[in-house]
Each structure stands twice: as C-alpha cells, then as structure tokens.
Amino acid sequence: MAYHNVIMAGFGGQGVMLIGNLLAQAGMEEGLNATFIPVYGVEMRGGTANCTVVVSSDPVGSPIIKRPLATIIMNLPSLEKFQPRLHPDGVQIVNASLIEKSNLDPAKKTVFIPANDMANELGAPKLANMVALGAYIKATGCLPIEAVERALNHTISSHYAHLIPLNAKALQAGYSFKG
Amino acid sequence: MSDERILIKGNEAVAYAAVSAGCKCFFGYPITPQNEIPEVLSKILPESGGEFVQAESEVGSANMLLGAGACGVRAMTSTSGPGIDLMQEGISYMIGSQIPAVIVNMSRGGPGLGSIDASQADYFQATRGGSHGAGRTFVFAPSTCQECYDMVQDAFDIAFKYRTPVLVLGDAIIGQLKEPVLRHAPRNKQDDKAEGWRVEGMGDRAPRLLKSVYLEDGALAARNEMLEAKYKAMRADIRVETIDTEDADLVVVAFGSMGRIARSAVQLAREAGHKVGLFRPQTLFPFPSEQLEELAKQGKRFLVIEQNAGQMLDDVRLAIRHYADADFFGVMPGIFVDAEELLTPILERMGGAK
C-alpha cells in the first residue's frame with residue numbers, strides 16, 4: 001500500500017495552499033486517493049497558514065495528521081511549530097533562504113534548500129513554493145515528478161496559464177537540488 | 001456529466017450535487033464554515049435554470065424554503081448551527097405540513113457563536129427534532145466529500161418520498177476538506193409524486209390546503225399518529241457502514257468526520273493485533289438501532305467516539321440496552337484530533353498496547 005502524508009506551512013502568501021492543492025490533484029490524477037485540508041491562522045492576514053495532504057492507494061481515513069511523515073517548512077515560525085511534531089522516521093524540507101541552519105534539530109532528517117534564492121535565479125521569486133515541493137517529491141518519492149507537473153494544468157488558474165512552464169521549471173529545480 | 005473525478009471541498013460537492021439532483025431553488029444567509037455552498041450555487045444554480053436567493057436572515061431562508069417545497073419544487077438551504085437555531089420554526093411547520101426540503105448544516109462549535117472549528121455538538125438538535133412539537137427530520141451524516149455529493153442527491157428523493165425536511169449534518173472538517181469526487185447523474189432518481197398535493201395554482205381542481213394547525217376534536221392526535229408512523233417507515237432507508245465488526249471484540253461507533261478518523265484508528269489497532277471494528281451510522285435519524293443490537297447480542301463491547309460530550313452515546317445505549325452498555329470517549333468541539341489520539345482510548349479498552 002502506498003501512503004504519504006505531509007504538512008506544508010509558511011506565511012500567508014508563500015503559496016503553501018497552492019502546492020498542497022497541486023499535490024492532492026496530482027495524486028488524484030494518478031488514480032490514488034487524496035485529501036487536502038487547510039488551516040488558516042484565524043488571527044490575521046499575513047499570518048501563518050498550513051495545510052495537510054494525504055495521498056494513499058487505500059481510501060483516506062483521517063485527513064488530520066499530528067505527527068506527519070514529512071513537512072515543507074517555508075518560514076521560521078512554521079519550523080518552530082512543526083519540527084518537534086515531525087515523525088521520527090519523517091523528513092522535513094526546510095527553506096534555507098529564510099531560516100538559519102542553527103534552528104534545525106540535528107536528529108531530524110532534513111533537506112535544507114534555499115528555495116527563495118533558487119526561485120530568484122529562475123527569475124520567478126514567487127515560486128519558492130514549487131522549488132520546495134520539487135525537493136519534497138525527490139525526498140519522498142510520493143509521486144512521479146511528471147505527474148505533479150501535469151497537475152499544474154488543473155491547479156493553476158487559466159488566468160496564469162502562461163506561467164505553467166515556469167512553475168514546472170521551479171519544480172524541476174527543487175527536484176534536482178543536491179544539498 | 002463527466003465521469004472524471006474532480007478535487008473539491010465537501011461544501012462544493014454539496015452544491016454540485018444539489019444542481020445535479022434537480023434543485024431549482026436555494027435560499028441562504030452566509031455563515032462560516034459553509035460559505036462555499038452558496039458561493040458555488042450563486043453561479044451554477046442560475047445557469048441551470050434555478051433561482052438563487054440570499055435571504056435577509058435564516059428565518060427568511062427557512063420560510064422561503066417552506067414556500068418552494070409547498071409548490072412541489074426541489075429546494076435547499078444551507079447554514080451552520082446558529083442558523084439552524086433560527087430556522088427551527090420553519091422546520092417545525094414543514095414537518096407539520098408535510099413539506100419536503102433539504103437543509104444542510106455544516107456545523108461549528110458552540111454553544112452561542114462558539115467558533116468556526118469542527119464540532120459534532122449539533123447531534124441532539126439534529127436528531128431530537130430541534131424544534132417544538134415532537135417533529136423529526138430524516139438526518140444524513142456524510143463522512144467524505146463523495147458522501148456529501150451522494151447523500152445530498154439522495155436527500156431530495158427522501159424528502160419527497162416521505163414529504164419531510166431532510167437534514168444533512170456535516171461539520172467544518174467535511175465542509176473544508178478537499179477530496180476527489182465523482183460527479184454523476186442521480187443513480188436512482190425517484191419520481192417526486194407531488195402532483196397530488198402541491199399548491200401550484202388550482203385552476204379547475206378542488207382547493208388544497210397545506211397546514212400544520214389541527215384544532216378539530218381528535219385531529220391533532222390523528223396527525224401525530226400519522227407522523228409517528230412515517231418516522232417508523234423511514235427506517236427502510238437507514239444506512240450504516242461497518243468495517244471489521246464480524247470478529248471484533250470492541251466495536252467503535254462514530255459518525256461523520258470522527259467516523260473517518262476513527263476508521264484510521266481502528267486500522268492502527270488491527271495492525272497492532274487487536275480485534276476492533278467500526279460501526280459508522282450514515283443516517284442518524286432514523287438510527288441503525290437494530291444493526292447495533294445485533295452486534296450487542298453477539299457479546300461485543302462498544303466504544304462511542306464523538307466530538308462532543310456524549311450525544312449519539314444515548315442512541316447507542318438505547319439500542320444495545322438489553323445486552324450491553326457503551327463506553328465513551330469525547331473530543332471537545334473546536335480542536336482537531338488525529339488517528340493516534342483516538343487509538344489511545346481504544347487500546348486502553350483492549351488492555352493496553354501489545
């Protein structure tokens with residue numbers, strides 16, 4: 001049985017909801033079961049946002065995960081919240097552009113990736129989320145990277161369809177990252 | 001209609017299902033966590049030839065719903081707990097007047113304004129009639145986005161079959177969760193058979209009166225006897241999902257979003273070598289009492305898990321009372337729990353971790 005779960009977290013505006021939707025969409029398109037559940041900070045705009053995605057060959061029971069098998073961490077408040085909760089066998093994808101290495105728990109398996117810097121190099125500063133998702137796919141083998149790229153067609157709104165190739169490039173950059 | 005699965009929220013599934021089932025009128029007033037239902041319907045219902053009305057309040061919604069139902073039209077409203085409070089008068093009159101309607105409650109935490117987070121504390125309100133005068137509504141409890149879709153479709157058939165308001169009781173988790181949903185035409189759509197009673201303009205026929213007031217000697221007693229007989233007849237449409245109950249020593253009973261989280265917990269318990277099963281009522285009224293009693297006769301033990309302080313627990317105890325009692329684990333409204341947190345109380349009742 002294939003089973004993966006991941007919590008993705010960052011500031012509002014960093015695009016964690018988008019990559020969560022993308023992963024669930026890709027899982028569905030691969031014929032698997034998937035759930036996506038968002039948690040918004042109730043307090044304010046620009047606060048933290050996180051979502052939980054489960055991709056599974058069996059029907060998904062709990063969409064709520066407290067000890068995730070993986071996390072994608074885009075900012076320091078999210079690291080502080082979710083690093084202690086990462087499953088002992090889990091892996092965290094941590095945004096090295098915004099988080100100092102000294103914050104990492106050496107006991108946790110970590111892919112420390114400068115997602116914002118890599119996105120800037122692609123000329124697409126908003127696509128740090130895609131870079132991080134690419135690194136997650138590489139680290140977990142959750143789905144084929146091609147499936148995630150294909151799912152961009154349904155997840156990116158038609159208004160931004162012209163940006164799909166750039167999103168795919170950012171995914172690939174993260175997928176090919178060697179830490 | 002496409003056979004392709006689409007990734008949508010439970011709320012969105014409710015909206016698409018309503019249109020596919022031939023819903024022609026929606027009346028509602030905004031409240032979180034169900035706002036995607038009117039959001040989607042405000043677009044797709046007019047496109048399909050229906051009417052979308054944002055009412056001035058939930059009191060207005062319920063009475064507009066009564067009016068549409070009285071005309072024999074497939075109509076729906078959606079809200080969350082506090083809105084259901086305001087609709088109770090209209091719901092009682094619909095029950096008393098035998099007017100079909102579909103009412104969706106994506107419930108939230110209470111009492112009072114509570115919070116927008118998950119809660120199952122509207123179980124009593126949903127299953128005990130909610131309003132004055134002993135009226136009951138048929139109650140579906142979806143656990144997945146696909147069930148949101150399928151049950152809303154079926155809710156319209158049930159509403160016309162029994163000429164009754166039907167409540168679909170979800171919560172913030174089911175409403176906000178996205179899952180693949182297969183949109184399909186109604187699989188077994190029933191004829192509404194409304195020609196004989198609806199008030200659509202009398203023309204040459206004899207006048208009709210849909211009413212809930214019965215003042216003549218003995219008339220109200222007869223009315224109540226008829227309604228009670230109808231509630232009994234509804235038992236033909238009871239639904240329940242059971243998983244691994246055959247050889248189970250302990251049967252976990254849970255509904256809605258807690259039902260699916262409990263399913264994962266039961267699976268973890270099985271993997272740890274414990275004989276645990278799941279009994280998930282998909283209809284809360286009528287309640288699958290006979291099915292539970294059958295399991296009790298076999299000597300099984302029961303653990304009810306709900307996101308409230310113990311409400312369905314009463315129905316479970318009534319069902320199994322001649323053979324067993326039920327234990328309870330409650331999760332307070334407003335928090336999220338995962339499968340591991342539900343596994344702990346299960347293992348405690350199985351003598352601890354192996």
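Select B:L303 to begin: across from it, in strand 14 of chain B, stands B:D327. This is a predicted model, in which local features need pLDDT of at least 70 and side-chain atom pairs count only at pLDDT 80 or more, while totals for chains, interfaces and linings use all residues. Residues are numbered from 1 along each chain as its sequence is written, and chains are lettered from A and ligands numbered from 1 in the order in which they are written.

**Stop 1**

Now colour strand 13 (residues 301–306) of chain B and strand 14 (residues 326–330) of chain B, which run parallel and are joined by five bridges. Strands here are DSSP E runs of at least two residues, helices are H or I runs of at least four, and both are numbered from the N terminus; strands pair if DSSP finds at least two bridges between them. Follow the chain from strand 13 through helix 11 (residues 312–320) to strand 14 of chain B, and you trace a right-handed β-α-β crossover (clockwise from the first strand over the helix to the second, with the strands pointing away from the viewer).

Strand 10 (residues 250–253) of chain B also pairs with strand 13, in the parallel sense, over four bridges. Is strand 13 of chain B mostly covered or uncovered? Mostly covered: five of its six residues are buried, meaning 20 or more other C-beta atoms within 10 Å of their own, with C-beta atoms placed from the backbone.

**Stop 2**

Select B:V252, which stands opposite B:L303. Leaving out residues up to four places away in sequence, B:V252 touches B:A262, B:V266, B:V276, B:L278, B:L303, B:I305 and B:I346 (contact means C-beta atoms, placed from the backbone, within 7 Å).

B:V252 is also among the residues that touch the most other members of the largest nonpolar core, which has 173 residues. Such a core is a set of buried Ala, Val, Leu, Ile, Met, Phe, Trp, Tyr and Cys residues joined through C-beta atoms within 7 Å. Show helix 6 (residues 145–161) of chain B next, as this helix gives the most to the core, with 10 residues. Domain 1 (5–236) and domain 2 (241–349) of chain B both contribute residues, so the core lies between them; the domain bounds come from an automatic or database assignment.

**Stop 3: between the domains**

Colour the two domains of chain B separately: their centres, taken over C-alpha atoms, are 27 Å apart. Their contact takes 29 residues from domain 1 and 21 residues from domain 2 of chain B.

How values were computed. Contact = placed C-beta atoms within 7 Å. Buried ≥ 20, exposed ≤ 12 C-beta atoms within 10 Å, placed from the backbone.
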